[in-house]
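Dear colleague,

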Amino acid sequence: MFQSSSTLTLLSIISSVFAAAGSLQQVTGDFGSNPTNVGFYIYVPSKLQTSPPILVDPHACHGSAQTAFTGSQLATLADTYGYIVIYPDSPNTADKCWDVSSSETLSHDGGGDSLGIVSMVKYTLSKYNGNANRVFSYGVSSGAMMTNVLIGAYPDVFAAGSAWAGVAFGCFAGDGYDVWSNACATGTIIKTGAEWEAIVDAAYPGYTGFRPKMQVFHGSADTTLNPQNLQEEIKEWTAVLGLPSTPVSTISNDPESAWTTSIYGSTFQATLAQGVTHDIQTNESVVLSWFDLTCSGTGCYSHGSGGVSGSTSTTLVTSIVATPTSTTTATTTTAASGTVEKYGQCGGSGWTGATICVAGTTCTYSNEYYSQCL
């Protein structure tokens, strides 16, 4: 799913160069159940896909919908690719962190901040004829924690998540509304994969449907949320997704230098950023590639599609101005219909999906159950 490091670096540069064509808009009034009064802000580009995907971007602690809007190029890229971005705003005026601890927010339709955000999604789907099968959540720090919450409590709503410097679903549980868990933050809450899976299952009792794919990132020098939390996320989501507890492949210097990405299957990836603190630098191209948000029309990754992107047009960026005196051009990547993108599954015992890899990659054997395009 990841692009080359050079392409990722180029796409990172745009965050300091371009601004969104439109402005952030606040939605007021009754948009559905919102028990904690989460603020609703939205970015709708002037040119939408016919049935636009929706990306939810909950901000970090001490942030706001506005800082999330201006802090990345996700809105700018929405101008190009025609998806909608929802920027929730935490109602917690003390520190603007999200409620990822209460039993309400950790339960499907139970209440809390998570229900308010899901109501925003449903409102947006209805108002803009959105694609209910292409709803995603991305976040950093507290936003990453909320992304874990949304993916865990609302697997029927979200197709995938991308969490940067967060914690496992339920790690902060048990202390009421929006309470800081020092035990979780310091990495002393350690569970087995089966124990984490039971916590996720309890969030939506009886649910047996599709589970969203996840990618998680964490800095090895994070002193705010101990790196042990990455290991707990790995145990949790591999168990929930029915994946092996050890990676089927490991890629060095990906997506950045000194970062290591471990791939557990087409539906889960974990990246350890060596030497990086809690102030982790995110990369929009990684997020868009994971969600397949550069794809439009049929064949795009969606809820229930199994985790392997079937993008029919995956154009990334054709021209990026890095400084006033230099211009760098990234190549255009197109995946033909019926092919598997780089790092996607292409074989294995019982595999019934596509087996032909995108140009430049080969279907490589990992074990009898899993082969991927490398």
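In what follows, Ala, Val, Leu, Ile, Met, Phe, Trp, Tyr, Cys and Pro count as nonpolar, Asp, Glu, Lys and Arg as charged, and the others, Gly among them, as polar. Please keep in mind that this is a predicted model.

By that division, the lining of the largest pocket holds six nonpolar, 12 polar and three charged residues. This pocket has a volume of about 420 Å³, and of the 21 residues that line it, A60, G71, Y138, V140 and T282 lie nearest its centre. Two elements, α2 (65-70) and β5 (135-140), each give two or more residues to the lining, and the largest share, three residues, comes from β5.

Turning to the rings, the structure holds 11 aromatic pairs. One of them joins F40 and Y123, whose ring centres are 5.6 Å apart and whose planes stand at 85 degrees, so the pair is edge-to-face. Because F40 belongs to strand β2 (residues 39-43) and Y123 to helix α4 (residues 112-127), this pair ties together parts that are 83 residues apart in sequence. F40 is buried, at a relative accessible area of 1%, whereas Y123, at 26%, is partly exposed. Together with F31, F40 and Y123 form one aromatic cluster.

The rings of F172 and W180 are likewise edge-to-face, since their centres lie 5.3 Å apart and their planes are at 90 degrees; F172 is buried, with a relative accessible area of 4%, while W180 is partly exposed at 43%.

Finally, K191 lies over the face of W196, at 5.8 Å from the ring centre, and K213 lies over the face of W290, at 4.1 Å from the ring centre.

With best regards

Key
Residues are numbered from 1 along each chain as its sequence is written. This is a predicted model: local features need pLDDT of at least 70, side-chain atom pairs count only at pLDDT 80 or more; totals for chains, interfaces and linings use all residues. Side-chain values use heavy atoms; hydrogens and water are left out. On a 1 Å grid over the protein atoms alone, a cavity is a set of points where a 1.4 Å probe fits but cannot get out, and a pocket is an open set with protein on both sides within 12 Å along at least five of seven lines; lining residues have an atom within 4 Å of a point. Grid points are joined across faces, edges and corners, and a volume is the space filled by probe spheres set on the points. Helices (H or I, at least four residues) and strands (E, at least two) are DSSP runs, numbered from the N terminus. Rings of Phe, Tyr and Trp (its six-membered ring) pair if their centres lie within 6.5 Å; planes under 30 degrees apart count as stacked, over 60 as edge-to-face and the rest as tilted. Buried means under 20% relative accessible area, exposed over 50%, partly exposed in between (1.4 Å probe, protein chains only). A charge sits over a ring if NZ of Lys or CZ of Arg is within 6 Å of the ring centre and within 35 degrees of the ring normal.
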